[in-house]
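Here are my notes on the model you sent over. Have a look at the structure first, then go through the points.

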Amino acid sequence: MSRTALRSPRRRRATAAAALALVAPLVLTACGEDSAAGSDDGTWEPERDIDWIVPYTPGGGFDTYSRGIAEVMQNGHLPDGVNVVVRNSPPLPQGISSMFNAEPDGYTIGILPMPAAIAQEIQEPDLAQWTTSEFTVLGQVDENGYVVYVPADSPFETIEDLIAAEDIRAITVEEGSSSALAGLATIRALDLDADVTYGAEGSAEVVTAALRGDADFFVYGSTDLVGFVESGDIRPLMYLGTEDQLPENVDWLQDVPTAEEAGFPDLAGAVTELRVIVAPPDLPEPVAEYLRGALADTMADEEFVTWAEEAGRPIVPRTAEETEANIAEQIEQMEELVPQLADG
Amino acid sequence: MDFGSGLVEALQQMTTWSFLLWFLIGVLNGTIFGLLPGLSGSVGIALMIPFTFDMEPMQAMGLFVAALAGQNFAGSITAILINTPGSSVNAATTYDGYPLSRQGRGGFAIGVSAMASFLGSLIGIAIIIALFPLTRSILLSFSFPELTMLGVLGLAVIAVASRGSMIKGLIAGMIGLLISFVGFAPIGGDVRYVFGQAELYDGIGAVIVLIGLFAVTEALSLIVHNQKVAAGSGTTRLGRSQVWEGARYVFTKPFLLLRSSVLGTGIGLIPAVGGTLAAFLAYFQAAKTVRDPKFGQGDPRGVLAPEAANDAKDAGAALPSLAFGIPGSADWAIVLGAMIMHGITPGPNLIRDSPDIVWMSILVIIGASFVSSSFGIVFAPWLTKVTKVRASLLAPLIIVLAVTGAYGIESRTTDVLLAIAFGLLGYAMRAIGMPVIPLILGLVLGPMVERSYLQSVETFGGLSAFVTRPISLVLVVLTVAVIVFEIVSNRRAKVPEEAKREGVRSATRPRTLAIIALFGVIAAVALVLATDFREQSRTFPLIISTVMLALVVLYLAIALVPVLRRRFGGVIADGHGMEQLMHVPDDLREQLDEAVSAADGSGPDPAAQAGTATKVETATAVEPAGEQEANADLAARMRNSIVLLVAFAAGVWLVGLAVTVPVVLFLMMRYVGRETWRTTVITTVVTSAALYFLFVSVLRMPLEGGTLVPF
């Protein structure tokens, strides 16, 4: 073992030869400097890699968006040699806490799931070691309205069928997640006679459970299951977002009745998943300004737009200001909704 | 593009120099990361992701899949040579692979593993191609009850796994389950057993536990006894002929190979059921079905079965991953993430939209496992030399590598402390003859069983689903059969009265009882804490800690109450075959006892001393005259190395890894291993530099300071 291990750097060198050339200067600079303050003229530029925290495991929606942005951002919207390093830090409370409690120096940012962050804060105050409203908001990459889906062979053709049905079952991911909240809000608003099974790990597991017949319906994001809708495995019954949240590049969604059309205006937009990019509270203004700019440029970059198209990931970019307003609104909504759900 | 022409397309794209180059780099990456304890193959894959952004999707996927397929076999090399599985899928391989190494047959075992791995993935691929049309129905027939029962079957294997010391094995399994409860409850929302430590929220990773229980424990044991791994096989040649003999051996057992591969593929097809279960089930079907088994004592079939199964399992896992976008394993999860990065969406449309990618993955799995097995066969004679390295050099290096590996996973000091703690736990368990493998099984299967059990109850409204669904019912019957078979065959086994009395004596030593009682206290604390959890989070911790407590009480009652001991002594007796199962060389525990009593200042009892002297063959204790001295020496080594390990943990916590590693390495080599100044200094400098280069320069891990010296 000793020999293999001693030798491994040498062999690994083959793999990392190209990488090393790129990395070596970084390591050297990283060792020496640790300044967050920036230069004298009030502007700031990163001098080493930026950590990007994703509070979920690799492979899901938040992870995919993060990696897409990170790639384009470091390839043209940051100083040469500065990379964005995506770090997956599940479970949710830990990931969010580490975003909130990091040094506000611009070298730790992350993607924040809303309204899960605020819902957790209200439901689990012991665990949620953050205050959602205090994050430094950098922008938003996507706004994901929820959809009520049924498996393709389901007897339920419309949302009315679902409402009329008795003793039905839903499946969802962990309690307190945005999807689970959307599901509960739906059951409540439509007064469904439904029970929920929690604990699925990710979208694929939710879909498989429904396809197996373990659940009659489920509520999930409109942008997460494009493949399964297009392949005809599942059918959308109702869109829970508002009209202006409809992503334009998702064709099948245009024909799905919205909650407003179905006669549930209260439900429309009640729970919408926002994918927000944040930094720790009290980020110095020059740093925030720089990162907001870099993020906005990245999301407007042709390369990113093409990537999103190819990856089947609709994007709804918003500026920091708009995002802050959205977040404030969601906090208000959730402070009302979450206690209600807990009672019901 | 239809599915057939996808094959042609894939072949065309694959037969380019650049593809082959990336393919080779992928295999190398998988092999190296598979070899290093702690750095698992998935870490290697994740590290490559940023370098592939500008590559063609096809080539990038080739790189990833090659890395994924190349790692399983590599993990078996360390399992065989130093009793440290590269990852938990190779844990079953240690049962027989390591005893083979100790007999100087490490090369042979690597040959078996290499050939079994390659043929396993070949058979697995053949099966999934044949099953392609049925994928969907197979995937959809495994619901929550089936998943639960698969896990329970795996746990039942614990009973089998701990032949000869069933109660101890079960207690170890329960400890594993308790460890699996740490962190977020899968359902119910509670955070359990974290004691306010945010680092524990996500649970304790199996890799950390493996590093501690296997690498650290094994190294401790090697250095305390100052033995080479292949002790007493000085005359055996470690040449190439041995490796080829191993490779040829696989062909003499075609049916075992086929059975194990089919089992592995089947388990791979079911998402979320890992390769660890595949390997263990294969091992035990082998142990129960072959003629004339010598399992646990270096039976090559015990290497063949799990290695064929875990490679076949990777082939099987390709199907749900590619066809449904449901990762069949943790490694596939990362590969799927990488695919999405490259604009390829795994899932129902992949086979329709890009059959070439699917074919390419299939071909790369076969190719990569061929190349990595070839590496194994070519380098095995050279790798096995590790087993001839003196313990005083090898052991400190293993400890340092394992511990830095633990840090490498997520750059967290907590992981280092945990790895060391598990090393000490493993050492204690080993000293009292408690097998560690059930602990691994409990840890790996715990979350799956708990989650799917709660989901079953929630979805089907009770326990009836377990017996009304056909597949689940079959699994229930199988589980009961495994347990009954084991109890009956244990009762029937004719144990000589002498051996039984010896077994009871060794099972009732004061130290054994003290450690068992300590586990009882842990179970009791876990039970009390569990009462505070919410309903769903509470179910499993309550059941498991109660069962564990009951087992401990049973054990202690039989050991301490004379009437019970006479009547039921056989239940707790350390049985035949157990030592081999734990890879404890003959009479090692005896020596430990002697060592400790010597350390206490009281002389060892003469009868035992005579017994030891006749049987023991170690580098130190041979002549009865020098025995006292040798025992004192052993005790000193043990004391020093344990003190150093504790100091290691304290040092990492106080001043950080960067300072502590060279210091501990130096002290351990000089004062436990008693190497010369020159060797010690050179090895320390070279190793520290190499580690710094690997972790800081290449992998860019941030070095954390300690609480005293932050930087």
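1. A term to settle first: a residue counts as buried when its relative accessible area is under 20%. With that in hand, strand E9 of chain A (residues 272-279) is mostly covered, as eight of its eight residues are buried.

2. Keep in mind that this is a predicted model. Chain A has a mean pLDDT of 83, with 86% of its residues at 70 or more. Residues 1-38 of chain A are another matter: pLDDT is below 50 there, though the stretch has 64 contacts in the model beyond near neighbours in sequence.

3. Now the chain as a whole. Chain A holds eleven helices and nine strands, and 60% of its 344 residues count as buried.

4. Which strands pair with E9(A)? E3(A) (residues 108-114) runs antiparallel to E9(A) and is joined to it by five bridges, with Gly110(A) opposite Val278(A). E4(A) (residues 136-151) also pairs with E9(A) in the antiparallel sense, over eight bridges; there, Asn144(A) has Glu273(A) as its bridge partner.

5. Over in chain B, Phe195(B), Leu518(B), Val521(B), Ile522(B), Val525(B) and Leu529(B) make a nonpolar surface patch of about 550 Å². Ile522(B) sits in helix H24 (residues 510-530) and is partly exposed, at 43% relative accessible area.

Note on methods: Residues numbered from 1 in each chain as written. Chains lettered and ligands numbered in written order. Predicted model: local features only at pLDDT ≥ 70, side-chain atom pairs only at ≥ 80, totals over all residues. Heavy atoms only, no water. Patch = residues over 30% accessible without salt bridge, like charges linked within 9 Å, V, L, I, M, F, W, Y side chains within 5 Å. Areas by Shrake-Rupley, 256 points an atom, 1.4 Å probe, with all protein chains shown as cover. Salt bridge = Lys/Arg side-chain N within 4 Å of Asp/Glu carboxyl O. Helix = DSSP H or I, 4+ residues; strand = E, 2+ residues; numbered from the N terminus. Buried < 20%, exposed > 50% of the residue type's maximum accessible area, 1.4 Å probe, protein only. pLDDT = per-residue confidence, 0-100. Contact = heavy atoms within 4.5 Å. Pairing = 2+ DSSP bridges.
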